[in-house]
Structures are given as C-alpha cells and as structure tokens.
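This report covers salt bridges, nonpolar cores and model confidence, in that order.

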Amino acid sequence: MSHRLIVNPGTAEAWTIKLQSGRNGIGSAADNEVVIPHASVSAQHCELIVADDGVVLRDLQSASGTFIARVPVTQFKLQTGHRIQVGAVELAFESQGLPVLPDAVNLPADGAQILIADPGATTPTTPRPPAPKSKTAGTGISASTAPAGASPAPPSARAALPAGWRALLGVLLGAIAGVWAWLYLGRWTGQELNWLACGVGALTGGGVRLLVRENRRLTTVLACGGTAVAILIGMQRTSHHATHLRLRQSAEQNYRHQLHFAQAASRAGTIEEIRQLLAAEAGVAVADISDARIQTFQATELPALREFALGRPDRETYLNALIQTTDIGALRRNAFQGSAGLFTLLWLLLGVGVTALLVTSDRSTAATRQNPA
C-alpha cells in the first residue's frame, strides 16, 4: 500500500508528500519528514505511523493542536479522504488500499485556507483568488483567515512564548493572587486559615491551565513546586500576623491592668489602703506587706504611677515600648513551628494535589482522544 499527504488540498498551491513506512514526523523543524514552515505549527507537531494494518496519527503535545474534522485529537486511525488540520494548516490523507470516507465526511472548512508553499519547490507559486493573502515574513507562506476548525486561541499568541515561560507566568499570577487573598482574609479574621491552601492550589493550577494548553512534565513540576512555595509563604505570613495580633492583645491587657492599679494607687490616702493595694497586687496576705515595702513604694513607685494615671505615657507609646522589649522573632518561630503539625502538612498536600489535578486534566473528551476501531 502507498500513502501520501496533500498540503493545500484543492488549491493551485497543492503539493504532495509520499509517506514512508514507519514514523513520519510533521512539524516546522527541518529534521521532520514533513516540514511545514508556519507559525501555528510546532517544531515537533505530530507524527504518522505507517504500518501494515493502517496509518495512525498522533499529536505530540503541540501548542496549537491537531484536528480531524474540526475536532482536536491526540491519536486517530486514518482513512482515505480524512482532512487533517495541523495548527492552521490543512492536509489531506490519501491511500491505496485503505477504506474511503463518505463524501459528506471531512468537507473543506468554510472560508479561505492557509496555503503553505512547497519547501522543495524552485519557483514559488501564486495563491489563487478570491481570498486576500498576506505574506508571512521569512517563511514563503501565503496566509489568510484560518479555517473554522482552527485552535480557539490565536496560534501566533501561543507561539510567542514557550510553554515553560507561560507555565511560570501562570504559576506567578495564580500564586500571588492566592497568597494575597489568604493574607487579606487572615488579617480580617485574625485567624491563620490554613485550609485556604486549597484555594492557592486552585488559583495556581487554574493560572497555568489558562496559559498552557498542552500537558507536559515540566508544566506539572513548575505548577506543583510554585504552589508548595506559595502555601508555605502564606502559612508563615499568616502565622506571623496572628502572633503579632496576640502580642498586641496581651500588651493591651497589661496596659489596662497597669492603668487600673495606677489609678487605685493615686487614690490611696492612708498606709492601710496602700498595704491592702500592694497585697492584692502581689497576691499575698495583708500582714505580709511590711512597713519598709510601703515606704519603698511611696518613695520610688507611687510618683511614676500617678504620672501613668494622668496619661503619661499615653496608651500607644506604652504599647509600642512593651512590644519592642519582646523577642517577636522567637515568638514567631515558636508559633510557626507549633502550627507545623499533621493538619498543616495535610493542607499543603491537598493544595499541591488540587494544582496537579487541574494542570494534568485533559480538556478533550474521551471520544476525541482516539477514533474507535
């Protein structure tokens, strides 16, 4: 049996490629058996496997997709007459010995076609009217509006940035949005909210999936790694904020207690009243407060307490001074280490799992993956 591909079928620029037995690579790179120099065609776009029992088309995780009858496919067993769309370029498959498709199947797309000049031709040909053509610089390709079955996203936009960089951009956008929302809600509620790790995973995976269509190992690794880093940052920052909030609440309680004690000491007019006040403050019996302790209190502590009762220093100055004397770094480390338990690890794994699920999920349905035998 002999098999061939017709590029630009049904046009004045049609040219034919005879397929060899075994693998026939199709792409824009020069090392392919079928070279199609167009921006919508990936370097290694797809392949045709020619065997005794037929010809199978396989997509090689191309950026703009491979289509049969305007339906994206990853693997498909061809018959004579099938129209293949590689990116925005149309090919026709013909074979001697394979079944022929009915006339109603794989009709040409409406509108103008993408015309690809034969790389081996010595004299360039002129595309036929009526569709106006524009010359793509450096490729010898005459192009007009893409067929209706083309990839939803413009091929030039997908080809402008490699998949790895698009994946990294999606990770950054999703992770930053997730962590920002986490920190905002944490500050608003005063809680750590570690369950929001799943939300960070969903935003990161969604950002990658939005910008990268094809499934690749590098994409999955970047997405999962970025999610893990973002979740750890979110946990650390919310833990720091919760620690600072608890420290300020403790300082405010200390201020209120000290102010109440200062006001009571200012009002104490007799030795016995001072003795009772000091006993209550120390939590001891009244008889345990000696006259020497009262004299020391009156000479050194009572003047400062009277100033404090009058608002000197003020509340904010007192709170800031008290907080500055506290080892906040040690408190934050202890709080983060104390929260790094089983549930924290569980939320981390769930967030990364959500990202992996979104990135590796296939947009195509099972029916578009492979033509039934």
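## Salt bridges

In this predicted model, arginine 293 has a relative accessible area of 32% and is partly exposed. Its salt-bridge partner is glutamate 301, with the closest N and O atoms 3.2 Å apart. Glutamate 301 is likewise partly exposed, at 31% relative accessibility.

The structure holds 13 salt bridges. One of them joins the side chains of arginine 275 and aspartate 291, at 2.7 Å from N to O. Because arginine 275 belongs to helix α5 (residues 271–282) and aspartate 291 to helix α6 (residues 291–309), this pair ties together parts that are 16 residues apart in sequence. Arginine 275 is buried, at 12% relative accessible area, whereas aspartate 291 is partly exposed, at 49%. Glutamate 307 and arginine 312 form another salt bridge, their closest N and O atoms lying 2.6 Å apart. A network of salt bridges links Arg23, Glu33, Glu47 and Arg58.

## Nonpolar cores

The largest nonpolar core comprises 24 residues, and Leu5, Ile26, Leu78, Ile84 and Leu91 have the most contacts inside it. Elements giving two or more residues to this core include β1 (3–7), β10 (83–86) and β11 (89–95). Another core, of 21 residues, lies apart from it; among its members are Tyr255, Ala264, Phe297 and Leu302.

Leucine 91 touches residues including Leu5, Ile6, Val7, Ile26 and Ile84, leaving aside those up to four places away in sequence.

## Confidence

The chain averages a pLDDT of 76, and 75% of the residues score at least 70. For residues 103–112 the pLDDT is below 50. Residues 122–159 also stay under 50, although the model has 73 contacts for them beyond four places in sequence. Where pLDDT is low, predicted coordinates should not be read in detail.

Key:
Residues are numbered from 1 along each chain as its sequence is written. This is a predicted model: local features need pLDDT of at least 70, side-chain atom pairs count only at pLDDT 80 or more; totals for chains, interfaces and linings use all residues. Side-chain values use heavy atoms; hydrogens and water are left out. A nonpolar core is a set of buried Ala, Val, Leu, Ile, Met, Phe, Trp, Tyr and Cys residues joined through side-chain atoms within 4.5 Å. Buried means under 20% relative accessible area, exposed over 50%, partly exposed in between (1.4 Å probe, protein chains only). Helices (H or I, at least four residues) and strands (E, at least two) are DSSP runs, numbered from the N terminus. Contact means heavy atoms within 4.5 Å. pLDDT is the predictor's confidence in each residue, from 0 to 100. A salt bridge is a side-chain nitrogen of Lys or Arg within 4 Å of a carboxyl oxygen of Asp or Glu.
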